[in-house]
Amino acid sequence: MIVGGGPVGLYLGILLLQRGLSIAVLEQRATAPAHSKAIGIHPPALEALDRAEVARDLVAAGVKIDRGVALSNGREIARLSFDRPGMQPPFILSVPQWRTEAVLERRLRALDPGALVRGARVGRVEHRSTHAVVSADRAGSLEKFEARFVIGADGARSAVRAGLGIRAPERVHPDAYLMGDFADPGTNRTTAVLHLEAAGVVESFPLPEGMRRWVVRMPSAVIGAAPEDLSAIVHARTGISPDPRTSTMLSSFTPRTTIARNSVQGRTVLIGDAAHEVSPIGGQGMNLGWLDAAALAPLLTAASARGSAGPGAADFLRYEADRRRAALTAARRAHVNMLLGRPLPPDVVKARDALLRSLFGAPPVAAWATRRFTMQ
Ligand SMILES: Cc1cc2nc3c(=O)[nH]c(=O)nc-3n(C[C@H](O)[C@H](O)[C@H](O)COP(=O)(O)OP(=O)(O)OC[C@H]3O[C@@H](n4cnc5c(N)ncnc54)[C@H](O)[C@@H]3O)c2cc1C
């Protein structure tokens, strides 16, 4: 039983169905979401998605970002090319999250039309000696489902995690961002651009259909902003004016890091944001969750085949330690990304730019940074 039909729960469902297991995905939302949220799919995750036979559809729906450029005051200070030896595939794919979820849902339904149960809000998971009982509210009535294993893929505010009493200390960062999708005003249709400006970073990423995602660091959390506000901030810092009339999405966020103390307990395993939420700056969260699922699927298949009493065997504990390490690495990388985007006095900006120019001018540093930015 997979609780949560977000990108990670859907992906795990596909992998388990491909392996012949009988599964259900309980999702509280009655209809599919329409928010573009996560966009970046990194090479290791695309390779994992290929195993679910969805990579081709995602590539067809997305834009291939083949390089990243850092600018300061309009001048280039660093350039990373993703099209380099050893990088497979040679790009970061950009697809709005709603579309990614639609592709995953279609594949899941093709394997088992009844696997995704929408409108089922899980409240409780009880562990018995041979199975677990999952209670869900469906249109006001309580339904109970029995399962050998329960996977909590129910996001950062995981009810499964809370029900098990698993602690997940939350760190709220002193950073705030405003982001929005607008028609792409420029010609860099395959380039991610970081404007490292004194007033704070402006990031921009290509999206499909001639759109572009803008993310700006703000001095504090933003409430009630309009597309005109984001466009004006981008213009003040970079001289570029995204057209507010073309805005299809605007939202603000203050990043958090929340890593669960443990992700395996009894017959339950937490994956994705339920196990670890990292700052969206650097675009790693969804990718990290897919890699959890890719590592977990063979363990669940083997445990199911040997009639194991539940996750708890050595292989699950190794899995837990490995994925926790991966989450901590991603959280550290996201933290450095946020530090890099904070406002700085102009003389410090000059020194930073000189340092970055000389560091990124060295091919081994550029290669290391490329691996780091692409989760390799
Ligand atoms: C602004 C922003 C930009 C981002 N950009 C990127 C990016 O570019 N790349 C990247 O890798 N990551 C990015 N992320 C992070 C990414 O969105 C998350 O890591 C990802 O959505 C986690 O997937 P998930 O399936 O674990 O959880 P979720 O997407 O949160 O899905 C959980 C699902 O569980 C359901 N659910 C919750 N509670 C229950 C319940 N009790 N019963 C039944 N169902 C329940 C929810 O309705 C939801 O559908 C970004 C995040 C934000 C906020």
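The axes of helix H1 (residues 7-18) and helix H4 (residues 97-111) come within 9 Å and cross at roughly 25 degrees; axes are lines fitted to C-alpha atoms, for helices over the stretch in contact, and angles run from 0 to 180 degrees between N-to-C directions. H1 is therefore roughly parallel to H4, a term that covers angles under 35 degrees. This is a predicted model, in which local features need pLDDT of at least 70 and side-chain atom pairs count only at pLDDT 80 or more, while totals for chains, interfaces and linings use all residues. Residues are numbered from 1 along each chain as its sequence is written. Helices (H or I, at least four residues) and strands (E, at least two) are DSSP runs numbered from the N terminus.

The residues of H1 that meet H4 include Pro 7, Leu 10, Tyr 11 and Ile 14. Among their counterparts in H4 are Thr 100, Leu 104, Leu 108 and Leu 111. Contact here requires C-beta atoms, placed from the backbone, within 7 Å.

Helix H6 (residues 227-238) has twelve residues and reaches 16 Å from its first C-alpha to its last, close to the 16 Å expected at 1.5 Å a residue; the expected span is 1.5 Å times one less than the number of residues. Its buried residues are Pro 227, Leu 230, Ser 231, Ile 233 and Val 234. Because these cover an arc of only 160 degrees around the axis, they lie on the same side of H6; the arc is that of the directions from the helix axis to the C-beta atoms. A residue is buried if 20 or more other C-beta atoms lie within 10 Å of its own, exposed if 12 or fewer, and partly exposed in between. The buried residues of H6 pack against strands E14 (176-183), E16 (200-207), E17 (211-218) and E18 (249-253).

In helix H2 (residues 43-51), Pro 43, Ala 45, Leu 46, Ala 48 and Leu 49 are buried. Their cover includes strand E3 (40-41), helix H3 (55-61), strand E7 (92-94) and helix H7 (285-305).

| Residue | Phi |
|---|---|
| Gly 239 | about 85 degrees |
| Glu 53 | near 60 degrees |
| Ala 139 | about 50 degrees |
| Lys 37 | near 20 degrees |

Most residues other than glycine have a negative phi. Lys 37 lies in the loop between strand E2 (25-27) and E3 and counts as partly exposed, with 19 C-beta neighbours inside 10 Å. Ala 139, in the loop between strand E10 (132-138) and strand E11 (141-147), is exposed, with 9 other C-beta atoms within 10 Å.

Notes:
Contact = placed C-beta atoms within 7 Å. Parallel < 35°, antiparallel > 145°, perpendicular 65-115°, else oblique.
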